[in-house]
Amino acid sequence: MVLWQLQTQWEWDGIASLQFPEEHDWHIFIKCIQCGEEGQRAVVVSPQLVEEGIRGAVVHLRYTCWFCRRQHEIALRSTGANLGGEAMYEWKNVVSLDCRGVEPIDWRPDMGGALRAAGEGGYEFDEVALDAEDANTDQVAAWYDYDEQQQREVSVILQRYRWARESG
Ligand SMILES: [Zn+2]
């Protein structure tokens with residue numbers, strides 16, 4: 001299996017931290033490395049869905065390539081990322097996927113459930129839904145709200161993301 005990290009960079013305002021809940025679902029696009037076919041629809045890798053893999057290990061998605069019919073597997077390795085302010089300057093991992101036979105090529109950050117954010121005044125936003133349509137052309141997805149406690153607008157903007165491969 002090969003370990004893939006989804007890495008992100010953010011810009012936020014009035015926010016102290018951002019958390020992906022452990023139960024977050026990951027809507028990703030994958031490519032079959034046997035035949036090179038790229039899936040046109042996102043697949044869902046969910047911590048709620050657990051299946052037995054080909055060799056008896058626990059996996060979160062069993063996937064049959066529609067083109068070459070080979071069976072592939074994806075297992076979630078680390079979820080529940082909690083990002084601090086350094087996420088605005090550094091690439092930060094938000095999930096790790098163990099992939100057999102496929103590799104991730106894209107991600108839908110606007111799907112999979114709301115995130116949580118803590119305002120700089122301490123207010124907890126638990127319905128941070130990133131919206132791809134709210135974003136400017138140089139952003140991927142964004143969320144805007146008003147923090148009554150700080151009496152100011154707050155925002156969370158996903159600037160960019162990438163998949164990084166680790167040997168595993
Ligand atoms: Zn294939």
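Me: Is Arg 69 buried or exposed?
Reply: In this predicted model, local features need pLDDT of at least 70, side-chain atom pairs count only at pLDDT 80 or more, and totals for chains, interfaces and linings use all residues. Residues are numbered from 1 along each chain as its sequence is written. A residue is buried if 20 or more other C-beta atoms, placed from the backbone, lie within 10 Å of its own C-beta, partly exposed in between, and exposed if 12 or fewer do. Arg 69 has 10 other C-beta atoms within 10 Å, so Arg 69 is exposed.

Me: Where is Arg 69 found?
Reply: Arg 69 is a residue other than glycine with a positive phi, near 70 degrees. Strands here are DSSP runs of E with at least two residues, and helices are runs of H or I with at least four, numbered from the N terminus. Arg 69 lies in the loop between β7 (61–64) and β8 (71–78).

Me: Is Gln 151 buried or exposed?
Reply: Gln 151 is placed in the loop between β14 (141–147) and β15. Its phi is positive, near 55 degrees, in a residue other than glycine. With 8 other C-beta atoms within 10 Å, Gln 151 is exposed.

Me: How many bridges join β1 to β15?
Reply: Two strands pair if DSSP finds at least two bridges between them. Strand β15 covers residues 152–166 and runs antiparallel to β1, and the bridges that join them number eleven.

Me: Which residue in β10 is the bridge partner of Trp 4?
Reply: Strand β1 (residues 2–13) and strand β10 (residues 92–100) run antiparallel and are joined by seven bridges. In β10, the partner of Trp 4 is Leu 97.

Me: Which strands stand at the edges of the open sheet of four strands?
Reply: The sheet has antiparallel pairing and the order β9-β2-β12-β13. Two of its strands each have a single partner strand, so one side of each is left without a neighbour in the sheet; these are β9 (82–83) and β13 (124–128).

Me: Which residue in β9 does Leu 18 stand opposite?
Reply: Strand β2 (residues 15–19) pairs with β9 in the antiparallel sense, over two bridges. The residue in β9 opposite Leu 18 is Leu 83.

Me: What is the radius of gyration of the protein chain?
Reply: The radius is taken over C-alpha atoms, and the globule rule is 2.2 Å times the number of residues to the power 0.38. For 168 residues, a compact globule would come near 15 Å, and the value for the protein chain, which agrees, is 17 Å.
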